[in-house]
Amino acid sequence: MAMSYKPKNILITGAAGFIASHVAIRITKKYPDYKIVVLDKLDYCSNLKNLLPVRSSPNFKFVKGDIASADLVNFLLVTENIDTIMHFAAQTHVDNSFGNSFEFTKNNIYGTHVLLEACKITGQIKRFIHVSTDEVYGETDEDAVVGNKEASQLLPTNPYAATKAGAEMLVMAYGRSYGLPVITTRGNNVYGPNQFPEKLIPKFILLAMRGEPLPIHGDGTNVRSYLYCEDVAEAFEVILHRGEVGHVYNIGTKRERTVIDVAKDVCKLFNLEADKVIRFVENRPFNDQRYFLDDEKLKSLGWAERTPWEEGLKKTMEWYVANSDYWGDVSGALLPHPRTLMMPGYEGSEEIKGILSQFNNIQTKVASTSDSAPETHAFKFLIYGRTGWIGGLLGKICEKQGIPYEYGKGRLQERSSLILDIQTIKPTHVFNAAGVTGRPNVDWCESHKPETIRTNVVGTLTLADVCREHGLLMMNYATGCIFEYDAHHPEGSGIGFKEEDTPNFTGSFYSKTKAMVEELLKEYENVCTLRVRMPISSDLSNPRNFVTKISRYNKVVNIPNSMTILDELLPISVEMAKRNLRGIYNFTNPGVVSHNEILEMYKQYIDPSFKWTNFNLEEQAKVIIAPRSNNEMDASKLKKEFPELLSIKDSLIKYVFEPNRKVPLN
């Protein structure tokens with residue numbers, strides 16, 4: 001038997017996740033003389049509530065942050081005197097990995113690499129336990145009697161498993177090259193209380209509770225082995241104390257069950273008729289038939305599975321019945337093929353803020369030595385324009401990303417009310433999405449000039465000034481309707497107006513006020529001005545959506561224009577705030593699209609019988625009060641900062657027409 005190892009200060013990554021939280025709680029409670037520091041960025045599938053049982057333990061500390069931040073990881077290893085790492089943090093849901101595989105590479109491979117490098121630099125780690133998965137072995141033959149041994153070849157079949165195998169190779173290399181004392185674990189499926197419902201068992205339980213059908217990928221004959229979470233937590237406790245450096249340990253069970261068996265057992269618990277509730281859906285791009293492990297090596301350290309399937313499943317079911325709203329709205333996760341984008345973000349919710357305050361040993365801000373680690377700073381956004389279209393969408397983005405935010409209560413032109421907002425909310429960034437564009441359109445501004453000035457000029461400048469006094473960056477949503485095609489920028493030439501060009505369109509009072517403000521805001525170094533044009537979103541029922549507008553007009557002018565797809569660009573504006581970008585940006589997708597081209601797409605994707613007629617600018621002038629601006633804007637400055645930015649036509653298809661498609665593909 002190997003000598004027993006005794007850690008002093010353990011760092012557990014991803015500890016607000018399912019398996020790691022059970023491990024963290026077990027070790028914190030059982031070994032009061034070990035100090036447990038947990039690090040979690042609070043991604044969609046982690047939940048601070050998972051750690052509530054140890055929130056007031058004197059030997060427990062929670063740190064919010066990302067393993068990909070080298071500054072943060074180095075800082076923690078040194079200041080907390082870490083000698084042991086249990087590395088659980090990872091993206092784990094195979095379904096998501098087919099649609100979002102770069103996230104998996106970033107978290108699972110790059111994140112692991114950052115940790116290993118920090119261990120090498122600090123030179124104080126005595127154990128590095130790397131948590132991997134049975135999926136790295138790839139499929140086991142259906143008729144194999146002996147499971148994969150730890151020395152079996154790694155043959156991953158999906159992007160998730162490939163990133164986990166890649167991370168393992170790095171761990172092994174650091175063990176060999178730098179003598180890092182590494183141990184790797186590869187586990188079967190785990191189930192039990194607190195598991196995020198994208199995974200099979202909690203998903204089936206929640207669907208059964210709601211009386212909804214249970215979706216099964218393919219024919220349901222895929223075989224999996226399931227271990228109860230407490231048994232797995234015990235396995236990690238054993239490996240921590242008795243595992244041998246340089247070795248790999250399978251954490252598995254010989255008891256296998258098909259997906260259909262699992263569904264039937266869940267039906268039994270809820271007295272449902274399996275044939276009526278089980279529904280077969282399209283399979284994953286590739287779905288391994290079986291993962292079968294040999295678990296003898298771990299058993300030789302003295303571990304054994306204790307919880308029978310029936311008992312574990314019943315305990316799990318009882319927990320979900322008692323905690324049905326534990327995760328908030330999880331309808332996105334319960335779909336047959338979920339994607340990360342559908343998942344809510346928890347950390348920004350009021351509830352989680354409340355939970356954070358209950359942890360007596362908590363660190364959310366860390367001294368950072370460079371700007372390259374924005375993850376180490378907690379963000380909090382103050383947004384003006386709650387009732388506006390952009391303001392409303394910004395709140396939703398913050399919720400999804402788990403960024404704490406509040407809407408400003410003050411009126412923009414009342415300085416004292418803005419100061420009160422900033423002092424009570426204490427934001428890190430301010431977003432100004434307030435402003436009048438007129439109801440129902442900019443013609444309103446022509447007959448309401450003082451009101452337009454009050455908000456668009458006085459209000460915006462006051463907010464910028466108050467933000468400057470408080471050292472805050474203001475993200476200001478402005479307009480690109482301050483230019484029109486001219487001799488130097490002819491229509492159809494591809495020569496767009498740049499950020500530094502002087503506005504040349506004064507046809508409407510709205511545009512006049514916006515151009516004035518933009519000029520004055522150049523004197524404020526704390527402002528980032530985003531010139532939005534003809535905003536479009538995937539919500540085609542919104543009357544402010546440019547696509548909705550032109551599809552309802554009797555006649556349209558057919559002119560190419562630069563436009564802004566909000567579904568793509570608003571999240572980019574949040575990222576710009578995090579990067580502390582300043583100055584002016586043309587906030588449009590690259591390129592132009594004409595009204596007719598958009599309506600052709602509308603016809604192709606939404607309504608094949610749709611018809612429209614065109615008229616020219618002279619005819620249009622007779623039915624509108626203020627002329628409209630038509631222009632192309634040069635988006636290369638934004639594109640340089642965000643190379644992934646799509647051209648206007650590609651973005652329209654991806655974010656607006658494809659998601660709303662009513663016309664089936666041939």
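Is C481 buried or exposed, and what is its relative accessible area?

Modeller: C481 is buried, with a relative accessible area of 18%. Here buried means under 20% relative accessible area, exposed means over 50%, and partly exposed lies in between, with a 1.4 Å probe and protein chains only. Before going further, please note that this is a predicted model, in which local features need pLDDT of at least 70 and side-chain atom pairs count only at pLDDT 80 or more, while totals for chains, interfaces and linings use all residues. Residues are numbered from 1 along each chain as its sequence is written, and side-chain values use heavy atoms, with hydrogens and water left out.

The sulfur of C481 has its closest cysteine sulfur in C445, at 12 Å, which is too far for a bond. A disulfide is a covalent bond between the sulfur atoms of two cysteines; the criterion applied here is a pair of cysteine sulfur atoms within 2.5 Å. The structure holds zero disulfides. C445 accordingly takes part in none, and the nearest cysteine sulfur to it is that of C481, 12 Å away. C445 is also buried, with a relative accessible area of 0%.

Helices (H or I, at least four residues) and strands (E, at least two) are DSSP runs, numbered from the N terminus. T460 is buried at a relative accessible area of 4%. Apart from residues up to four places away in sequence, T460 touches L412, N432, T455, M474, N476, V517 and L521, where contact means heavy atoms within 4.5 Å.

The chain as a whole gives the setting for these residues. Its secondary structure comes to 23 helices and 25 strands. The radius of gyration is 28 Å, close to the 26 Å that the globule rule gives for 666 residues, so the chain is as compact as a globular protein of that length. That radius is taken over C-alpha atoms, and the rule is 2.2 Å times the number of residues to the power 0.38. Along its principal axes, the C-alpha trace spans about 90 × 55 × 45 Å. Of the 666 residues, 57% are buried. Among contacts with a separation of 6 or more, 82% join residues 24 or more positions apart.

In helix α2 (residues 70-79), the residues D71, L72, V73, L76 and L77 are buried. The buried residues of α2 pack against β1 (9-13), β2 (35-40), β3 (60-64), β4 (84-87) and α4 (101-122). After α2 comes N81, whose phi is positive, near 55°. Helix α7 (residues 229-242) contains E234, which counts as buried at 10% relative accessibility. Leaving aside neighbours within four places in sequence, E234 is in contact with R26, W303 and R306.

I653, in helix α23 (residues 648-657), counts as partly exposed at 28% relative accessibility. Beyond its neighbours within four places in sequence, I653 is in contact with M601, Y605, E658 and P659. I653 and D261 are 392 residues apart in sequence and 41 Å apart in space, C-alpha to C-alpha.

Loops also hold residues of interest. D295 lies in the loop between β12 (278-281) and α10 (296-299), and at 2% relative accessibility D295 counts as buried. Not counting residues up to four places away in sequence, D295 touches N250, G252, T253 and K254. N194 sits in the loop between β7 (189-191) and α6 (200-209); its phi is near 75°, a positive value in a residue other than glycine. N194 is buried, with a relative accessible area of 11%. N580, in the loop between α19 (566-578) and β23 (583-586), has a positive phi of about 55° although it is not a glycine. N580 is partly exposed, with a relative accessible area of 38%.
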